Amino acid sequence: MADQTENNLLIDLQENGTLVLTLNRPDKLNAFDDALSYALQDALKDAERNPAVRCVLLTGAGRGFCAGQDLQARSISNENGSGVAHLGESIRKRYTPIILKLRSMEKPVVCAVNGVAAGAGASIAFACDYRIAAQEASFIQAFIKVGLIPDSGACFMLPRLVGLGRAMDLMMTGRKVGAEEALTIGLVNELCPADDLMSRALAFCSKLAAGPTKAYGLLKRAVNQAMTMDLTEFMAYEADMQEIAGRTSDFVEGVAAFTEKRQARFSGK
Ligand code: T3D
């Protein structure tokens with residue numbers, strides 16, 4: 001059932017274990033004011049803690065996915081009337097927890113990119129595990145146009161998604177990447193017509209939500225670690241993760257289902 005928080009975030013936990021989070025400031029292309037950023041932080045923390053949630057789907061209401069920081073409603077700026085904007089504080093408090101939670105949450109997080117994703121809005125899409133985009137979607141590294149560096153993890157994620165050369169192009173020019181190009185360069189996993197976006201995304205999430213949730217979590221941990229470890233270190237880490245996976249009920253069920261030539265019924269435990 002859908003619940004609208006006072007912070008313009010729609011929260012809908014579906015029976016199959018998919019939690020749909022909809023950024024809901026359509027008049028501002030779902031740009032982040034303080035309230036929306038803290039609401040998303042809280043919703044992601046709740047999603048991580050709630051065992052009924054086995055997959056998260058993030059999308060935007062209206063014609064945009066998210067236009068990044070609300071440039072008209074910044075509360076953490078011009079502190080003490082000094083004329084100096086303290087953006088480090090804003091990033092640390094408002095965006096860093098969102099990006100870290102998207103990457104560390106041990107459940108799949110899918111992004112249905114319904115329209116333009118600009119600035120931190122694009123960064124949030126990049127931090128999700130899988131992106132399905134509508135043909136109308138686009139990505140803009142808008143930061144440079146307002147004299148900022150790409151933030152909310154964009155400098156970390158974008159080169160890993162599309163390679164250093166392409167990432168530098170997008171970050172230095174701030175040019176708009178349309179949906180077809182996004183698919184070609186690996187910025188999104190799949191494209192579909194806008195009318196099909198939510199049904200496609202929900203169907204994909206429903207499969208993930210019926211999957212071996214612990215294994216998805218462990219593979220996220222392993223992939224995160226693989227970004228910084230050398231191979232020798234990583235192989236030791238991988239063995240530890242597989243040791244844990246091997247102790248789950250879902251591993252027992254997966255092997256039983258294979259042996260009995262039937263579909264596995266994973267409990268997520
Ligand atoms: O500040 C900190 O805390 C540091 C963190 C920074 C992180 C960042 O995200 S910095 C980057 C911030 N975002 C941008 O610079 C993007 C600004 N928006 C745009 O460039 C364009 O709106 C788009 C390219 C995204 C879409 O263009 P278009 O032509 O499709 O739509 P539009 O007409 O520009 O926007 C529609 C409405 O949304 C409009 O309102 P209005 O005039 O109809 O009342 C526009 O003002 C509003 N809107 C769009 N983006 C933002 C916004 N309002 C506030 N903040 C926005 N970011």
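Author: Pockets and cavities are found on a 1 Å grid over the protein atoms alone: a pocket is an open set of points with protein on both sides within 12 Å along at least five of seven lines, a cavity is a set where a 1.4 Å probe fits but cannot get out, and lining residues have an atom within 4 Å of a point. The model is predicted, with local features needing pLDDT of at least 70 and side-chain atom pairs counting only at pLDDT 80 or more, while totals for chains, interfaces and linings use all residues. Residues are numbered from 1 along each chain as its sequence is written, and side-chain values use heavy atoms, with hydrogens and water left out.

The part to look at is the largest pocket. It has 24 lining residues, and Ala67, Gly68, Gln69, Leu71 and Val146 are those nearest its centre. The space inside the largest pocket comes to about 480 Å³, where a volume is the space filled by probe spheres set on grid points that are joined across faces, edges and corners. Its lining divides into 15 nonpolar, five polar and four charged residues; Ala, Val, Leu, Ile, Met, Phe, Trp, Tyr, Cys and Pro count as nonpolar, Asp, Glu, Lys and Arg as charged, and the others, Gly among them, as polar. Helix α2 (87–104) and strand β7 (116–118) each give the lining of the largest pocket at least two residues, and α2, with four residues, has the largest share. Helices (H or I, at least four residues) and strands (E, at least two) are DSSP runs, numbered from the N terminus.

The whole structure has one cavity of 30 Å³ or more, and the volume of the largest cavity is about 30 Å³. Around the largest cavity stand Phe126, Phe139, Ile140, Gln141, Leu158, Leu170, Arg175, Val177 and Leu187. By class, this lining has seven nonpolar residues, one polar and one charged. Phe126 is also one of the buried residues of helix α3, along with Ala120, Gly121, Ala122, Ser123, Ile124, Ala125 and Ala127. Helix α3 (residues 120–127) is largely enclosed by the rest of the structure, because eight of its eight residues are buried. Buried means under 20% relative accessible area, exposed over 50%, and partly exposed in between (1.4 Å probe, protein chains only).

Strand β3 (residues 18–23) is mostly covered too, with six of its six residues buried. Side chains in a regular strand alternate between the two faces of the sheet. In β3 both faces are covered, Thr18, Val20 and Thr22 being buried on one side and Leu19, Leu21 and Leu23 on the other. Its antiparallel neighbour is strand β2 (residues 9–13), joined to β3 by five bridges; strands pair if DSSP finds at least two bridges between them. Across this pairing, Leu19 of β3 stands opposite Leu13. Four residues lie between the strands in the hairpin of β2 and β3, where Gly17 has a positive phi near 95°. Strand β4 (residues 55–60) pairs with β3 in the parallel sense over six bridges, and Leu23 has Gly60 of β4 as its bridge partner. From β3 the chain passes through helix α1 (residues 34–49) to reach β4.

Charged side chains also meet across the structure, which holds 15 salt bridges, each a side-chain nitrogen of Lys or Arg within 4 Å of a carboxyl oxygen of Asp or Glu. One of them joins Glu190 and Arg200, at 2.8 Å from N to O. This pair links distant parts of the chain, 10 residues apart, with Glu190 in strand β11 (residues 190–192) and Arg200 in helix α7 (residues 197–209). Glu190 counts as buried at 17% relative accessibility, whereas Arg200 is partly exposed at 35%. In the salt bridge of Glu243 with Arg247, the closest N and O atoms are 2.5 Å apart. Here Glu243 is partly exposed at 43% and Arg247 is exposed at 65%. Arg262 and Glu260 form another salt bridge, with closest N and O atoms 2.7 Å apart, and Arg262 is partly exposed at 26%. Arg25, Asp33 and Asp70 belong to a network of salt bridges.

Gln263 is exposed, with a relative accessible area of 68%.

How values were computed:
Right-handed = clockwise from strand over helix to strand, strands pointing away.
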